[in-house]
Amino acid sequence: MSGKLKSGRQVVEGSYAVAHAVAMCRPDVISAYPITPQTHIVEDLSQFVADGAIDSKYINVESEFSALSALVGASAAGARAYSATTSQGLALMHEVVFNMAGMRLPVVMTIVNRSMSAPINIWNDHQDSMAERDSGWIQLYVEDVQELVDTTVQAYLIAEDPEVSLPVMVCMDGFILSHVFEPVDLLDQESVDEFLPLFEPVSVLDPDNPKSFGMFVDPEYYMDFRYLVEQAMDRSRSKIRDAAKSFKPTFGRYYGDLIDTYQTDDAEIILVAMGSLVGTLRDVVDDLRSKGTSVGLLKIRAFRPFPASEIAEATSGAKVVCVLDKNVSLGTGEGAVCTEIKASLYNSGVSVPVMGFVIGLGGRDIPVDTVQRIVSKAEEVIKHGVKVKSEFVDLKHSLIS
Amino acid sequence: MKEIRIHGRGGQGSVTAAELLAIAAFEDGMHSQAFPSFGVERRGAPVMAFVRLSDKTIRLRSQVYEPDYVIVQDATLIEAVDVAGGLKADGTIIINTEHNPDNLPLETKAAVKTIDATRIAIDIIGRPIMNTVMLGAFAGASGEVTAESIKNAVRDRFPGKVGEKNADAVQSAYDRVVGS
C-alpha cells in the first residue's frame with residue numbers, strides 16, 4: 001500500500017476500518033503499544049505513516065504507560081493525538097488516564113475491549129473500560145464496524161469542542177469487531193475534513209506564554225477542578241447529540257444519541273446492552289416479536305456521560321428491564337450498567353423491576369438461545385411476580401461445584 | 001442467511017479463506033461477515049473460522065452453531081474434531097481428501113463432497129496450501145458465490161504470479177466439483 005488510502009464501501013477487517021477512520025481525522029501524533037486484540041489497528045496505522053499515506057508523527061514507546069504519557073505532552077502542545085489499547089494495557093495507563101481527563105486534553109483512544117487478568121484471557125468483555133468509568137473520559141460503545149468508523153470521527157468533534165475538552169474512549173468489542181471482516185463504508189478525506197475542523201486547543205503549552213497543566217493544588221482548589229470536569233461531562237451530552245445529528249446529512253447514518261431504542265415503545269420487556277451484543281439482540285427482538293412476545297431493546301451508546309434521564313424515559317412503560325452486562329463489579333453480584341440503571345431509576349419516579357445478567361465474560365459466546373432464555377425469565381417475573389435478582393449467565397456448574 | 005464453518009489446522013489459511021469468501025460474496029452483491037473462532041492459533045492445532053452470507057445486513061454476532069456448509073481443509077481433523085457437528089440435514093460438507101465420501105469415518109445426514117485439494121494445490125500452485133482451492137470447490141458445490149469473485153478476491157490478496165496460480169487452482173477445483 002502506498003499513497004492515498006482507498007475510501008468507499010468494501011469488505012475490510014474491523015481493525016483496518018478504525019485505522020482508516022483515524023487516518024481520515026488527520027492526527028498529528030499517534031502513540032501506542034501493541035497488545036492483542038488491538039495490534040492490527042496500530043500495525044495498520046504505523047504502515048500508513050511508513051508509506052507516507054498520512055502525515056502523522058508515530059511515537060514508538062516501550063509501554064502503554066509511556067504511550068499515553070507521550071500523548072499528554074502532545075495534546076498539551078496543541079496536537080490532535082490518538083492511541084489504542086486494551087485490557088492490561090489500559091490498566092497500565094490507569095494513572096495517566098485520570099491525568100488526561102483532569103488536564104482536559106481531548107485525546108481519542110480506541111479501547112478494544114478485553115477481559116482483565118487473572119486468569120489471563122485475551123477475549124472480549126467490558127471489564128477493562130468499566131474499570132476506568134470514574135476517570136473523566138467520555139465512553140462511547142459501538143455495535144458494528146460502520147458505527148465504529150463513524151463514532152471515531154464523531155469522537156474528535158465531541159472531545160475537541162471547547163465546551164467539553166475531555167478525552168474520549170471509543171470502545172469496540174475485541175475480536176468480535178476487531179477481527180471481523182464485513183462490508184463498511186470507509187470515509188473519504190474531503191467529507192471528513194468538512195465534518196471535523198482542525199483542532200483549536202482551548203489552551204496550549206507555549207514558551208512565549210508559559211502555563212502549567214496538571215499542577216499541584218491543595219484542598220482549597222482540588223474539589224472545584226473535579227466539579228468543572230463533571231460540568232464539562234454534562235455539557236458533552238448535547239455535543240454527543242449534535243455530533244450524531246450533524247453526521248447524518250453528509251454520511252447518511254445515525255445511531256441514536258446517548259442511547260438508541262428498538263421496538264421499545266410498547267414493549268413489556270426491555271433488554272439493555274452495549275457494544276456488539278446489540279446486533280444479536282436486534283435479531284432476537286425481531287424473532288420474538290414475530291412470535292408475539294412484547295420485547296424491545298435499549299442500546300447504550302454513551303456510558304459516560306451516563307444517559308440516566310433517557311433510560312428512565314425509555315423504560316417508563318415497561319414491566320421489566322433486563323440488563324446484559326459484559327462486566328461484573330465484584331462484590332455487588334452484578335454488572336456496573338445494571339447498578340447504574342437501578343440507581344438512575346430510583347429517583348426518577350419509574351419503578352420497574354431491573355434484572356441483571358452478567359454475560360459473556362472472557363469471550364464466552366452469547367448464542368441466540370441464551371438471550372431467549374433471559375427473555376423467558378423476564379416473562380416469568382411478569383406473570384408470577386418472581387423475586388428479581390441478578391445472576392451470572394451460562395456458568396459451567398461442573399467447574400464451580 | 002447462510003452460515004459456513006471452516007475447519008483447518010493452524011497455518012492452513014482457514015481464517016484467510018473465510019475473509020476471501022466474505023470479500024467474494026460482497027462482490028457478488030451480498031452482505032457478508034467473516035470471523036475467526038476465538039482460540040489461540042498455533043501451527044498445526046485445529047482451528048475454525050466462520051462466514052455468514054445474506055441478502056440483508058448481518059447483525060448476529062454469535063459463533064455459528066448450525067452451519068449450512070462445512071469446509072474441512074484437512075481430513076485428519078475428522079477423527080479429532082466433530083466437523084459435522086450441528087450441520088443442517090440439508091446442508092453440505094466439503095472435505096479435502098483423496099478418498100470417496102463413503103470411505104470417511106463421518107456421521108451426517110448432510111451431503112458429503114470430497115475433493116483432493118492438496119493434490120490440486122501441489123500441481124497448480126506448487127505448494128500444499130489448499131485454502132483457495134477449497135473456496136473454488138465451495139463455489140462449485142454450493143452455488144452461493146461465483147468462482148469469478150473468488151478468483152478476483154484471491155488475485156487482489158496475492159498480487160502477481162502467486163495470485164494467478166491460486167486463481168487457476170480455484171477454477172480447477174470449481175470445474176472438478178461442478179463436473180462431478
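Ser129(A) counts as buried because 28 C-beta neighbours lie inside 10 Å, a residue being called buried if 20 or more other C-beta atoms lie within 10 Å of its own, exposed if 12 or fewer, and partly exposed in between, with C-beta atoms placed from the backbone. The model is predicted, so that local features need pLDDT of at least 70 and side-chain atom pairs count only at pLDDT 80 or more, whereas totals for chains, interfaces and linings use all residues. Residues are numbered from 1 along each chain as its sequence is written, and chains are lettered from A and ligands numbered from 1 in the order in which they are written.

Ser129(A) belongs to helix 5 (residues 127-130) of chain A, where helices (H or I, at least four residues) and strands (E, at least two) are DSSP runs numbered from the N terminus. When residues up to four places away in sequence are not counted, Ser129(A) touches Leu90(A), Ile111(A), Asn113(A), Gln139(A), Met169(A) and Cys171(A), contact requiring C-beta atoms, placed from the backbone, within 7 Å.

The largest nonpolar core holds 186 residues, of which Val272(A), Cys322(A) and Leu21(B) touch the most other members; such a core is a set of buried Ala, Val, Leu, Ile, Met, Phe, Trp, Tyr and Cys residues joined through C-beta atoms within 7 Å. Helix 1 (residues 14-27) of chain B gives the most to this core, namely 10 residues. Leaving aside neighbours within four places in sequence, the contacts of Val272(A) include Leu298(A), Ile300(A), Cys322(A) and Ile341(A).

In chain A, six strands form an open sheet of mixed pairing in the order 9-11-10-13-14-15, two strands being paired if DSSP finds at least two bridges between them. Strand 9 (259-262) and strand 15 (391-392) of chain A stand at the edges with a single partner strand each, so one side of each is left without a neighbour in the sheet. Strand 10 (residues 269-273) and strand 13 (residues 320-325) of chain A pair in the parallel sense over four bridges, and Leu271(A) stands opposite Cys322(A) in strand 13 of chain A.

Between the chains, 20 residues of chain A are in contact with 18 residues of chain B. Helix 9 of chain A provides five residues, the largest share of the side of chain A that touches chain B.

Definitions and conventions: Two residues are in contact if their C-beta atoms, placed from the backbone, lie within 7 Å.
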